[in-house]
Amino acid sequence: MIADDAPVLLKDGKCEHLVAVSDDEFNTGYGTIKLCKLREKEFGDTISTHLNHEYIIQRPRAPDFFKHCKRTGAPLMPKDIGIILAYTGLGSEDSVLDAGTGSGILAIYLGNVAKKVVTYEKNEEFARVARKNVETAGMKNVKVRHGDIISEMANLNERFDVITLDMMDADQVILHVRDVLNSGGYLVTYSPFFEQMKKIRTAIDMEKFSSVQTIECMEREIKFERRGTRPSTRVGHTGFITIARL
Ligand SMILES: C[S@@+](CC[C@H](N)C(=O)[O-])C[C@H]1O[C@@H](n2cnc3c(N)ncnc32)[C@H](O)[C@@H]1O
């Protein structure tokens with residue numbers, strides 16, 4: 001049986017919908033589904049609309065939230081999230097401090113691995129949307145706080161194992177990182193521009209971190225076309241990731 005409020009992915013081979021078990025009805029475009037009927041189902045079962053259009057029921061995973069959650073701005077791309085998870089070695093005992101939350105996509109991926117994620121968003125409406133996305137993802141270990149991380153750093157009386165910053169003025173947060181990051185913990189910043197990244201490197205140098213590196217992750221899809229098979233000719237820049245250890 002699928003639990004109440006659990007997120008559920010409905011797929012028919014052509015399109016997919018992210019829904020939650022509830023007493024509501026959901027209009028798929030091919031008829032409606034009474035979402036309460038999902039309570040009698042298991043993941044892997046099928047469910048039909050009132051017009052007999054069939055969907056397979058799957059347990060959504062983080063990339064499904066990336067695809068379907070409401071966006072308030074540009075979320076971190078999976079390739080860059082992968083770098084953060086791999087280079088920090090994020091684990092199930094870790095507490096993470098994240099800012100800015102944005103749509104909460106990075107926070108959801110982090111919460112999928114870590115014990116706890118506290119994420120700050122200074123825009124109240126964005127924080128509300130992110131809270132809804134986190135709730136949709138069923139993540140009970142991710143807490144979205146409304147506030148400006150630059151001033152909130154001084155009020156934090158918790159410590160963290162990893163800090164992730166994907167926001168303007170991240171360099172201004174670095175000054176306070178030593179007060180809340182555990183020894184041996186990692187700071188990771190993401191910045192789309194060279195200028196922003198250079199300010200971050202200057203701030204990091206002043207705080208004497210170790211193992212500091214800035215990387216850019218290039219992802220190139222292989223295209224299978226009628227004329228032939230080759231890497232995509234579109235090579236896109238997303239941002240620079242700076243990793244530093246205390
Ligand atoms: C690019 S978005 C973050 C996207 C997010 N990492 C995701 O994956 O969905 C940057 C966010 O940082 C927020 N922000 C900027 N400065 C901030 C600050 N000082 N404190 C908290 N949030 C801030 C912005 O409002 C914006 O929503």
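Q: A pocket is an open set of grid points with protein on both sides within 12 Å along at least five of seven lines, and its lining residues have an atom within 4 Å of a point. In this predicted model, which residues of the lining lie nearest the centre of the largest pocket?
A: The largest pocket has a volume of about 990 Å³. Its lining has 43 residues. Nearest the centre of this pocket are Ala 74, Pro 75, Leu 76, Asp 166 and Tyr 190.

Q: Which elements give two or more residues to the lining of the largest pocket, and how does that lining divide by class?
A: Two or more lining residues come from each of helix H2 (78-88), strand S7 (95-99), helix H3 (105-113), strand S8 (116-121) and helix H5 (149-152). By class, the lining of the largest pocket has 17 nonpolar, 13 polar and 13 charged residues.

Q: Which element gives the most to the lining of the second largest pocket?
A: The second largest pocket holds about 510 Å³ of space, and 23 residues line it. Strand S2 (16-20), helix H4 (124-136) and strand S9 (142-146) each supply at least two residues of that lining. With seven residues, the element that gives the most is H4.

Q: From which domains does the lining of the second largest pocket draw at least three residues each?
A: Asp 5, Ala 20, Lys 132, Glu 135 and Thr 136 lie nearest the centre of this pocket. By class, its lining divides into 10 nonpolar, five polar and eight charged residues. At least three lining residues come from each of domain 1 (7-58) and domain 2 (64-245).

Q: How many residues of domain 2 are in contact with domain 1?
A: The domain assignment gives domain 1 (7-58) and domain 2 (64-245). Taken over C-alpha atoms, the centres of the two domains are 33 Å apart. Four residues of domain 1 make the contacts, and on the side of domain 2 the number is seven.

Q: What share of the residues of the protein chain counts as buried?
A: The protein chain contains seven helices and 15 strands, and its C-alpha trace spans about 65 × 55 × 30 Å along the principal axes. Among contacts between residues at least 6 apart in sequence, 57% join residues at least 24 apart. Of the 246 residues, the buried share is 45%.

Q: Which residues of H3 are buried?
A: H3 is mostly covered, with seven of its nine residues buried. The buried residues are Ile 105, Leu 106, Ala 107, Ile 108, Tyr 109, Leu 110 and Gly 111.

Q: Is Tyr 186 buried or exposed?
A: Tyr 186 lies in strand S11. Beyond its neighbours within four places in sequence, Tyr 186 is in contact with Tyr 87, Thr 88, Asp 161, Val 162, Ile 163, Leu 181, Ile 243, Ala 244 and Arg 245. Its relative accessible area is 16%, and the cut-off is under 20%, so Tyr 186 counts as buried.

Q: What is the relative accessible area of Thr 189?
A: Thr 189 is placed in strand S11. Not counting residues up to four places away in sequence, Thr 189 touches Leu 165, Ile 200, Phe 240, Ile 241 and Thr 242. Thr 189 is buried, and its relative accessible area is 1%.

Q: Why does Asn 123 count as partly exposed?
A: Asn 123 lies in the loop between S8 and H4. Partly exposed residues fall between the buried cut-off, under 20%, and the exposed cut-off, over 50%. Asn 123 counts as partly exposed because its relative accessibility is 29%.

How values were computed
Residues are numbered from 1 along each chain as its sequence is written. This is a predicted model: local features need pLDDT of at least 70, side-chain atom pairs count only at pLDDT 80 or more; totals for chains, interfaces and linings use all residues. Side-chain values use heavy atoms; hydrogens and water are left out. On a 1 Å grid over the protein atoms alone, a cavity is a set of points where a 1.4 Å probe fits but cannot get out, and a pocket is an open set with protein on both sides within 12 Å along at least five of seven lines; lining residues have an atom within 4 Å of a point. Grid points are joined across faces, edges and corners, and a volume is the space filled by probe spheres set on the points. Helices (H or I, at least four residues) and strands (E, at least two) are DSSP runs, numbered from the N terminus. Ala, Val, Leu, Ile, Met, Phe, Trp, Tyr, Cys and Pro count as nonpolar, Asp, Glu, Lys and Arg as charged, and the others, Gly among them, as polar. Domain bounds come from an automatic or database domain assignment. Buried means under 20% relative accessible area, exposed over 50%, partly exposed in between (1.4 Å probe, protein chains only). Contact means heavy atoms within 4.5 Å.
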